[in-house]
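Please keep the sequence and the model in view while reading.

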Amino acid sequence: MSLTDTITKTLVPIHREGWPFVAIAGAATVLVGWFVDPLFWIGLILTAWVAYFFRDPPRVTPIDDDVIVSPADGTVCQIGQAVPPRELELSDEPMMRICIFMNVFNCHVNRAPMGGRITRVAYRAGSFLNAESDKASEDNERNGLVIESGETRIGVVQIAGLVARRIVCFVREGENLGAGERFGLIRFGSRLDVYLPLDTRVSVAVGQTMIAGETVIADLASETRDAVLARVS
């Protein structure tokens, strides 16, 4: 492999939502550094962190209708039964919920956990409590999606955190998404909740590290199957 190939494969693309923030941080760094030299280097580090925060690396997603993949990078903070948010109109009964917490160092681009049609997008204003707390699911600002594929309907909820102040959703009701495709992001530090049928086989544990679009968090199939194909997105 040539040096050019090595550098190209090492550098990670920055999502388009991040370029304005990188530009602002870079301009502020130059301006402040013009008057105070030490602040230039501090600003340069902060600009590099902003670029790192908005990184958008390609992911290899399993191609299997029964596999549910993680919608976010981060750590599983809760697993258990919970009633989905009322505005999703998904279910009045408890469903299996997997909660993934994203800190400020995780990649914040969110990906569809399952392929299907988006039947509902619902935003709700709220507070900005610590995203790891139990109350965050009920009280914090959030944006939820319902994805439907055949007989299966699941919910995915973007939840703002203590630092996060902006939830971005790229998709609308009626659109179709493939598993692992990008559907949104949250700035800066937050949580994703996934609501699945109650009898779903969960494949992860609390404390486990997730990779969006790659880590299999649950399996809808009732039987063990051979290895599945994958695609890069």
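Among contacts in the chain between residues at least 6 apart in sequence, what percentage join residues at least 24 apart? The share is 73%, where contact means heavy atoms within 4.5 Å.

## Basis and overall make-up

This is a predicted model, in which local features need pLDDT of at least 70 and side-chain atom pairs count only at pLDDT 80 or more, while totals for chains, interfaces and linings use all residues. Residues are numbered from 1 along each chain as its sequence is written, and side-chain values use heavy atoms, with hydrogens and water left out.

The chain has four helices and 16 strands; helices (H or I, at least four residues) and strands (E, at least two) are DSSP runs, numbered from the N terminus. Of the 233 residues in the chain, 47% are buried, where buried means under 20% relative accessible area, exposed means over 50%, and partly exposed lies in between (1.4 Å probe, protein chains only).

## The helix pair

Helix H2 (residues 19-35) packs with helix H3 (residues 37-53) at an angle of about 175 degrees, and their axes are 7 Å apart; axes are lines fitted to C-alpha atoms, for helices over the stretch in contact, and angles run from 0 to 180 degrees between N-to-C directions. H2 and H3 are therefore roughly antiparallel to each other, given that angles over 145 degrees count as roughly antiparallel, under 35 as roughly parallel, 65 to 115 as roughly perpendicular and the rest as oblique.

On the H2 side the contact includes Phe 21, Val 22, Ala 25 and Gly 26, and on the H3 side Leu 39, Phe 40, Gly 43 and Leu 44 are among the residues that take part. The residues of this contact divide into 10 nonpolar, five polar and one charged, with Ala, Val, Leu, Ile, Met, Phe, Trp, Tyr, Cys and Pro counted as nonpolar, Asp, Glu, Lys and Arg as charged, and the others, Gly among them, as polar.

Strand E7 (residues 142-149) and strand E8 (residues 152-160) pair over eight bridges, and Leu 145 stands opposite Val 156 in E8. Six bridges join E8 to E12, with Ala 160 opposite Ser 190 in E12, while E4 and E12 pair over seven bridges, and Phe 101 has Arg 191 in E12 as its bridge partner. E3 and E4 also pair over seven bridges, with Gln 78 opposite Cys 99 in E4, whereas strand E3 (residues 74-82) and E14 pair over two bridges.

## A covered strand and the nonpolar cores

E12 is mostly covered, as seven of its seven residues are buried. Ser 190, Leu 192, Val 194 and Leu 196 point one way from E12, and Arg 191, Asp 193 and Tyr 195 point the other way.

A nonpolar core is a set of buried Ala, Val, Leu, Ile, Met, Phe, Trp, Tyr and Cys residues joined through side-chain atoms within 4.5 Å. The largest such core has 27 residues, of which Phe 183, Leu 192, Leu 196 and Ile 217 touch the most other members. Strands that each supply at least two residues of this core include E4 (95-102), E11 (182-187) and E12 (190-196), and the largest share, four residues, comes from E4. Apart from this core lies another, of nine residues, among them Met 95, Ala 122, Val 146 and Ile 159.

## The loop between E3 and E4

Glu 87 is found in the loop between E3 and E4 and is buried, with a relative accessible area of 18%. Glu 87 touches Arg 120, Ala 122, Arg 124 and Arg 142, not counting residues up to four places away in sequence.

Glu 89 lies in the loop between E3 and E4, but is exposed, with a relative accessible area of 57%. Most residues other than glycine have a negative phi; phi of Glu 89, however, is near 55 degrees, a positive value.

Definitions and conventions
Pairing = 2+ DSSP bridges.
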